Amino acid sequence: MVPRIVLIAILLLPLSAKAAVDFSRDVLPILSDTCFTCHGPDGNARKAKLRLDREQDAKAEVIVPGKSEVSELIARIFSDDPDEQMPPPDSKLKLTAAQKATLKAWVDAGAKWGKHWAYEPPRQPALPQVKNAKWPRNGIDNFILARLEREKLKPSAEANKITWLRRVSLDLTGLPPTPKEVDAFLKSTIENPKSAFEIVVDRLLASPRYGERMAWDWLEAARYADSNGYQGDRERTMWPWRDWVVRALNTNQRYDEFTVEQIAGDLLPNATEQQVLATGFNRNHMINGEGGRIAAENRVEYVFDQTETVGTVWMGLTFNCCRCHDHKFDPLTQRDYYSLFSFFNNSPVSGGGGDPATAPNISVGTPAQQKEILGLDQTIIALGKEIEQRKAGMQSKQPEWEQQKLKEVMKSGWQVLNPEKVKAAKQTLELLEDHSVLAKGVFPNHDEYTVEIVSARDTLSGIRLEALQHASLPAGGLSRVKGGNFVLTDFAMTIQRKGGKPEPVKFAKAKATYNQGGLDVAQAIDNKPGSGWGVWPSKQVTQPQTAVFTLAEPLAKAKGARLVFRLKFNHAAKQHVMGRLRLSATDIKDPDFGTGGLLQALNTEAPKRTKAMRELLSREMLKEDSASAKLESDRAAAQKRIGAIRKGFPKVMVMGEGKPRQTKVLTRGAYNNPTDVVVNSNTPESLSPFPKGSPKNRLGLAAWLVNDQHPLTARVTVNRIWQQFFGTGFVKTTDNFGVQSERPSHPALLDWLALEFIKSNWDVKLLHKRIVLSATYRQSSRITPALHERDPENRLLARMTRQRLPSWMIRDQALFVSGLLVEKQGGPPVKPYQPGGVWAEATFGKKRYSQDKGEALYRRSLYTFWRRIVGPTMFFDESKRQTCEVRRALTNTPLHALVTLNDIAYVEAARAMAQRVLKEGDADDEARVSHAFRLATSREPKLSERVILLQRLNHLRATYAKDPKAAQALLAIGEFKHDEKLNATDHAAYSVLCNLILNLDEVITRE
């Protein structure tokens, strides 16, 4: 491993003997590496009460500006006495002769102090002048070339056009170009040489694939997964947030807005559903629901995670060091940490349990579902207008309809009963003019109603019970409880004829206009006290309901008899007592629900009708009009469809503000060991000031992060984007811009790009476009031995970086080239092929992997279900998604080849690719082999390559001709169906050949 100080020396501009020593560039790295451990920001580790991280302390104790000969610092570092020497020998830290000379020269020059470069706001550098003025294509190239010229190096030649097209296609969309796109580009470079490259870039940036490719890195930073993590690892539904990210990237949402909405979208004025959804970013943390886990400890851990994730993603600082003590190297105190922690500490999340949808959460559908609901809402409005128009047109016909209807109703058999006496065990029952009974007074948990009536009918065969609405009942419900539901646990009836005793009446059956699940009306007559009739539709009750009880035997000679009805409400659900009821009787053998209060409304003179009567008559008349009935039916169907769609919405955890919590500094980060130090929400003192007028909440914090004067956000973001295209950022330590970080390879270019990014209104696509159209990006990746020895990591960028594709991109490419890829965006995660038993082994057998079928097997890797404790087995070089990660893990492990040569997904992709080649290519093998090679590499094979591939094909064909069973076994791997019209021997031979091609270094590498 190359020592860090040597790397810094390589990256620094060459200094002449007379060059001024710069504190940030030359001195601070030496002090940080060798002195801050004992004399730095961390007071708990500080020795001799000496601080070398602050100017006033260092100059008061051991530095005399301009006089190294009397400066204790210089005397100690040059001393040979083990008792005086600094750093002390037992620290294992040593200063080189060059470092000692640098410190001495600095002190003699006046010991001018400064800040770490990353804590100073970016300064606008001028574009460097270069000797080869024809090479730069944009400002990026001026900075790169100026550095190369200083280093006596030249840029590499431009990559060939196909290499560039494949490179930019993979970098911007994660997928290679098609042969048609290659041909179109080559033609365009001849016809429109000045604009051909830009046309391609604009097309790729406008592709929906762009957002899917760019989202992957953001999901890793956001520690996105489809489960909680920890023991049990319950599944969660955060995927709508993942889809929000893809949409935001595809629509090129300004990065400052992208930032604000994810940190504090819920706090924006009149926040939209999508802005609240964006805050799912900080609810992607793991959730610990293990038995015995303390809720308060969980809560603090969650806030730690949110604080540190924001610190890493937007500031590139290692804030986690400050949980327990002041930072050992950076000017970040423990108080700073808990002041930042305080912004997130008001979360209403308690930390209790392992619910993967812990509130606050929202139910949100996909854009397709939202679009369908919007369309249905518009349909409902339009139908409502038509219904009102129809109603207005029918008013003139109402008197005639009423006369006819009255005749029909008189024949319906139902007669409203007029109670003589009503009472309740606990409430007050009031008899209303329409013969209904209303409950008032106290509001008991349970009750029993008694209604006494003198029968006006000679024969009784059925009783009707109507549960009615009333203005005194809440929200249009049928009871006094919120929600409007009741549970009738028992409905009984006795008859007492003149001179006789009360006799119980038996009911044969019961039916109702609506039954709540598990609470059927038949349970009101089953003589079981715990059961009953309920009408809860899983939302607020908003309409009357009716029950009909059919007698076991008709009651004869009932006229003048006393009928007593008892209604009991003794269910476990408290206060579920009926608010208003009305009873009717009939002598029809098998009665239906009848017309309710329609007879009374028809018999009432028009001027004396109540509003409810008028509405009832209007409604009934419309029901009998076929056109109106159709309109009502269509409206009801649309409303029902909306309900069904919303019922399927997943719950997504989002941010929210609860009651303000006092934040105290915690001793060594222990949730149950707070100090007496109380802090308010604030940002680190060493960084830019908090914006004036901004609220001290997450919204203010987000505004501070994207403030033009913030020294870190734009730099950190640009650096991460540069890493995405070149493999390494200007600052190699992408997650650490602190004092211990590597100094930028091109500090002026980093600042220039950061300021250009801000000036462009944080336009991410424009930044990407600028990078991929640069001459720097268009260089060949070929490397000479001399250049490799001079710059093995390509930090000077005298060539383009050549790097292995990440495993997820290799899989997507295989699916795409084979023709299997299903380019459906968004939606729930999918479960493609995975070796059996992986989940079970990692979860003590509690979780079993259930592989999907059909198109779900061929979705982009972005949509693969990610179990946090054991990620998808095919993605072995990706982050664990347990904490925020922004540094890329590149690997050439042999596991890569074991997967891409043998995994079902890749063998199946090779089969599908072979079938595609056999159908699309010409009849001869040479054309087919060339087509297969071009699909995977984007170029035609060389003659020598074609010869090798044809030799291999012939060998495979001979092998499978001798062993047709092996051919059939190969063609049966995976769900993709072999076309029976194709020769099995040819298909098997081409399948293995395609598998070979998909594993070529050129195919799994971005040149």
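Predicted model: local features only at pLDDT ≥ 70, side-chain atom pairs only at ≥ 80, totals over all residues.
User: Which strands make up the open sheet of five, and in what order?
Analyst: The order is β3-β6-β14-β9-β10, and the pairing is antiparallel.

User: And which strands are at the edges?
Analyst: The edge strands are β3, residues 421–424, and β10, residues 503–504. Each of them pairs on one side only.

User: How many bridges join β9 to β14?
Analyst: Seven bridges join β9, residues 490–496, to β14, residues 562–569, and the two strands run antiparallel. Within β14, Val564 is the residue that stands opposite Thr494.

User: Changing topic: at what angle do helices α29 and α30 pack?
Analyst: Helix α29 (residues 895–902) and helix α30 (residues 904–920) pack at about 45°, and their axes are 5 Å apart. Helix α29 is therefore oblique to α30.

User: Which residues make that contact?
Analyst: Helix α29 contributes Val899, Thr900, Leu901 and Asn902, while α30 contributes Ile904, Tyr906 and Val907. By class, five residues of this contact are nonpolar, two are polar and none is charged.

User: Now His116: where is it found?
Analyst: His116 is in the loop between α6 (97–108) and α7 (139–150).

User: Is His116 buried or exposed, and why?
Analyst: His116 counts as buried because its relative accessible area is 6%, and buried means under 20%.

User: What does His116 touch?
Analyst: Leaving aside residues up to four places away in sequence, His116 touches Ser24, Leu28, Phe737, Gly738, Val739 and Ser741. A polar atom of the His116 side chain lies 3.0 Å from the backbone oxygen of Gly738.

How values were computed. Residues numbered from 1 in each chain as written. Heavy atoms only, no water. Pairing = 2+ DSSP bridges. Helix = DSSP H or I, 4+ residues; strand = E, 2+ residues; numbered from the N terminus. Axes fitted to C-alpha atoms, helices over the stretch in contact; angles between N-to-C directions. Parallel < 35°, antiparallel > 145°, perpendicular 65-115°, else oblique. Contact = heavy atoms within 4.5 Å. Nonpolar A, V, L, I, M, F, W, Y, C, P; charged D, E, K, R; others polar. Buried < 20%, exposed > 50% of the residue type's maximum accessible area, 1.4 Å probe, protein only. Polar contact = N/O pair within 3.5 Å; in protein donor to acceptor, adjacent residues only side chain to side chain.
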